[in-house]
Amino acid sequence: MTHSTLSFLKGHGTENDFVIVPDPDNSVELPAAAVAKLCDRRAGIGADGVLHVVRSAAHPEAAHLADEAEWFMDYRNSDGSIAEMCGNGVRVFARYLQYAGHAEPGDLAVATRGGVKQVHLDKSGDVTVSMGRAVFPEEQVTVMVGDRAWPARNVNMGNPHAVTFVESLDHAGKLLDPPPYSPAEVYPAGVNVEFVVDRGPRHVAMRVHERGSGETRSCGTGACAVAVAAIRRDGADPSVTGESATYTVDLPGGTLVITEHPDGRIDMTGPAVIVAAGEFDQTWLTETAFG
């Protein structure tokens, strides 16, 4: 009996890990059940999400971006839900394109559901992503864990974030389930929640619950949301001071460096690593998705 197989790779950015599925022509179906099975750490390959690598021209959601970016990051959370953006995912996506010979060190454009992201592949191994500009919705939010509650800064980085500053990261609890927040209607599709403590001048540490994935070792858009929230809390808003502000953000899986410029552009720099390549049984995936 023969089995057809599909190629995959495994990569991570500050231990936010991904199954990478190369599919230039957008010919691989990835229903939510199949994505969840691939990301299952016991019954699948295991990951925080799936990076579906498709040429922009071949994907109906990205065809209009094909003139700006050849490649589209069709990103899925570990539960199979679709996400607008993933900062660590973009860095790993770009590293894969380099690994596969689709990109050279230097500048690269990547299409995402959160827009086209400009990426710089450094010869040293770090990857810098221009993450766009933060939006600060006016709604006030409160985040709760047990009998504690904190005000949270509402930040949108192409996906929604609630950033709260706490005395200890232990106050975040186990983060197995989404932390409650109110008012619920502020985030009708759910939200990423970041808990933040200070480590020093322009240096913070965080934990995050990513919607659709639970607590992860790192979150790139979350680190950006945390940095811009800290910048405003500290009175260092570059649009006011006229000077760029750079913050170091420690995550359980490593460290990211976030810079906000006077025009609002946000750069995120950190590592991205391809750790393995292999094949999975397409029959197993089909039975998982449609059986």
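This is a predicted model: local features need pLDDT of at least 70, side-chain atom pairs count only at pLDDT 80 or more; totals for chains, interfaces and linings use all residues.
Across the whole structure, a search turns up 5 aromatic pairs. The pair formed by F8 and F280 is tilted, with 6.1 Å from centre to centre and 35 degrees between the planes.

**The F8–F280 pair**
- This pair links distant parts of the chain: F8 belongs to strand 1 (residues 5-13) and F280 to strand 18 (residues 273-281), 272 residues apart.
- F8 has 13% relative accessibility and therefore counts as buried, since the cut-off is under 20%.
- F280 also counts as buried, because its relative accessibility is 6%.

**Other ring contacts**
- Y181 and Y187 make an edge-to-face aromatic pair, at 5.3 Å centre to centre and with 80 degrees between the planes.
- With a relative accessible area of 4%, Y187 is buried.
- R233 lies over the face of F165, 4.4 Å from the ring centre.

**Helix 2**
- Helix 2 (residues 87-99) has 13 residues, so at 1.5 Å a residue it should span 18 Å; the end C-alpha atoms are 19 Å apart, which agrees.
- The helix is mostly covered, with 11 of its 13 residues buried.
- Among the buried residues of helix 2 are G87, G89, V90, V92, F93 and L97, and also R91, R95 and Y96.
- Just after helix 2, G101 adopts a positive phi of about 85 degrees.

Definitions and conventions
Residues are numbered from 1 along each chain as its sequence is written. Side-chain values use heavy atoms; hydrogens and water are left out. Helices (H or I, at least four residues) and strands (E, at least two) are DSSP runs, numbered from the N terminus. The expected span of a helix is 1.5 Å times one less than its number of residues. Buried means under 20% relative accessible area, exposed over 50%, partly exposed in between (1.4 Å probe, protein chains only). Rings of Phe, Tyr and Trp (its six-membered ring) pair if their centres lie within 6.5 Å; planes under 30 degrees apart count as stacked, over 60 as edge-to-face and the rest as tilted. A charge sits over a ring if NZ of Lys or CZ of Arg is within 6 Å of the ring centre and within 35 degrees of the ring normal.
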